[in-house]
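Reader: Please take me through one part of this structure: its pockets. I want to know what lines them and which chains take part.

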Amino acid sequence: MTQKQTPLVEIRNLGFSRGQRVIFEDISLSIPRGKVTAIMGPSGIGKTTLLKLIGGQLTPDHGQVLFDGHDIHGVSRNELFQLRKRMSMLFQSGALFTDINVFDNVAFALREHSGLPEDIIRTIVLMKLEAVGLRGAAQMMPSELSGGMQRRAALARAIALEPEMVLYDEPFAGQDPISMGVLVKLIRELSDALNLTSVVVSHDVDEVLGIADYVYVVAGKKVIAHGTPEELKHADNPQLKQFIQGAPDGPVPFHYPARDYQQELLAKGVGK
Amino acid sequence: MLTRKIELLVGVFLLTGLAAFLVLVFNVANIEVKSSDSTYTIKANFTNIGGLKVRSPVKVGGVVVGRVSSIDLDPVKLVAVVTVVMDKRYDKFPETSSLAILTSGLLGEQFLGLTPGFVDDDVSMLKDGDKIDDTRSALVLEELIGQFLYSMGSKDK
Amino acid sequence: MKLIDSIADLGRSAIEFVLGFGRAGLMLWGAIFRWPRVRKGFPLLVRQIYVVGVQSMVIILVSGLFIGMVLALQGYNILVGFGTEESLGPMVALSLLRELGPVVTALLFAGRAGSALTAEIGLMKSTEQLSSLEMMAIDPLRQIIAPRFWAGVISMPLLTLMFTAVGIYGGHIVGVEWKGIDSGAFWSILQASVEWRQDIVNCLIKSGVFAVVVTWIALYRGYQVIPNPEGISRATTQTVVQSSLAVLALDFLLTALMFGR
């Protein structure tokens, strides 16, 4: 039972910058096993980058990412690949392989890694597709699916190898209310049924607060708040309040930093 | 099935490539299977080889019987040593045969003309490593003109 | 100050240039030397030979035929002035084998298959398919880049041979069928002047080198694409421009090495 207590992923003092631009200054957070953890924040603060750092696709400037005690960026390439078999990622675009059909997409990682015979693979794939409600679409090509269905097919692919953790990159972005509802339900159900550790990165406040067990809010290169959804709703941090309530102006200003409005209007010419 | 069709077409592609290769090798290039079993080598000295090159043909009455395989300079006698690889099928040339550097046409390429010599009881046939002594060097146009002018001059006197 | 800035710029672009070579080299290294797998890789290779080779065949065969015919027509007009129109055979065959075959095939290949490779891989990158492979613990270099590289390296020499063979027959059509050169003379003089080692082997060496370079550039451009539509279209153009320049420059070097003595 002690294993249950230690978090699956621990991020310690993580810093990352792209060229001159600092994206994260000092991020520390931990992701408990078997729970849905959400990472929220305004768009453009590098939430996807954070997932790629967890997955080992990007290397941080400083700090560590520990997955079940292994330093993701310290291990060898082979060990990293072994660790990646225990996690999977649902990309924002779905990232289905466009040249093969839905069935083969879901079967892809199984054929690559499991070494199981084809008839067992077929059974597993059909089960996964059934779980996301797309068994009937197995023979369709990704381009024939709607956006929501693509994301569900990608979800089926992500859970094909029965990973311990799924990273969801903006799963709700650009979805209509129905597919959004379906996805919310799926993430919650999969998490409970398979005892999956889920990490949801999103800026859709209502959906996230609806399913998450624990929420981190990232803004301005740092974690500004964390807690259960209930705690966050009643927090009085003004920056957090603005984000959760969706107020247009507040600590995150409506205006991009600029010179004084009156002065600029009265000035003659741009360069002065 | 789609993959079967692809496999078939890839097969066609590879075979077409192979066919093109064979066409180029057997129909276009002049490969001669040159193993030492089917050839023998003879040498000859020339004072001037003119435009003779490695791989120039050796002809008897217009039929190619061999090719020049290398051209060197004898470091002592300072004459050109031409090595010729002959086809084993034509091995009945007497030692008394002569080699001449000839030109095909007025401006054409140069080749070695082999003229078979007389056959006698004490004359053996050419064999591997033999040397032909009776050679005639290439005609060089400048020398010809020079000789011609010289003989004209001496006739005037 | 201006001068120092421009020197700094120059230095920066020089470093970028070297860096690019380094990245491209590492990509190739990762694609061809890491964990070769025969059983799983073979179907991928067959599929890519189909895409890269079979689909380029028509353009190669048609271009070869026309280039051979044009070459023969122009050559005939010149040679007939010297009364040596029988030399048309070697002229067509040698120009095709030594230069036009490898070079034109490489240029057409860069335009037809190279640009398609870049666009395909660029699209895979921008739709996160490559990232998603990585997250599935599958190396995209091995899964995506390696089969395409080998397909290019296998296909292009074969395409070059087809181009050359068809081109020589194009020359035959014009020279013999149309202009009335004696067929026997055409082929016998041609055969006497084309040599296995000097011409055919060198033709294959050239086209092998071009195959590596063109495929490499195409794959690298796709792999390094800036993942948006503009980036993909830029990368596709760069593939065609850079591989054409590389082919022509290398052709000079190789020709100098092979025939410069």
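Author: The largest pocket in this predicted model has a volume of about 1400 Å³. Its lining counts 44 residues. Closest to the centre are A:D99, A:I100, A:F108, C:L44 and C:R47.

Sorted by class, 23 of its residues are nonpolar, nine are polar and 12 are charged.

Next comes the second largest pocket. Its volume is about 1200 Å³. Here 42 residues form the lining. Nearest the centre lie A:Q57 and A:L58 from chain A, along with C:K125, C:S131 and C:E134 from chain C.

The elements giving two or more residues to this second lining belong to chains A and C. In chain A they are β2 (21-31), α2 (47-54) and α3 (77-84). In chain C they are α1 (2-33), α3, α4 and α5. The class counts for this lining are 14 nonpolar, 15 polar and 13 charged.

C:E134 is among the residues nearest the centre of the second largest pocket. The side chain of C:E134 also meets that of A:R84 in a salt bridge, at 3.6 Å from N to O. How many salt bridges does the rule find across the interface of chain A and chain C? The count is two.

The wider interface looks like this. On the chain A side, 25 residues are in contact with 18 residues of chain C. Between chain A and chain C, the buried area is about 2000 Å². Carbon and sulfur atoms give 54% of that area. Which residues of chain A lose the most area to chain C? They are A:R77, A:F81 and A:E112. Together these three make up 26% of what the chain A side buries.

Last, back to chain B. Chain B is divided into domain 1 (1-31) and domain 2 (39-140). The C-alpha centres of domain 1 and domain 2 of chain B are 42 Å apart.

Methods
Residues numbered from 1 in each chain as written. Chains lettered and ligands numbered in written order. Predicted model: local features only at pLDDT ≥ 70, side-chain atom pairs only at ≥ 80, totals over all residues. Heavy atoms only, no water. 1 Å grid on protein atoms, 1.4 Å probe; cavity = no way out; pocket = protein on both sides within 12 Å on 5 of 7 lines; lining within 4 Å. Points joined across faces, edges and corners; volume = space filled by probe spheres on them. Nonpolar A, V, L, I, M, F, W, Y, C, P; charged D, E, K, R; others polar. Helix = DSSP H or I, 4+ residues; strand = E, 2+ residues; numbered from the N terminus. Domains from an automatic or database assignment. Contact = heavy atoms within 4.5 Å. Buried area = accessible area lost by both parts, 1.4 Å probe. Salt bridge = Lys/Arg side-chain N within 4 Å of Asp/Glu carboxyl O.
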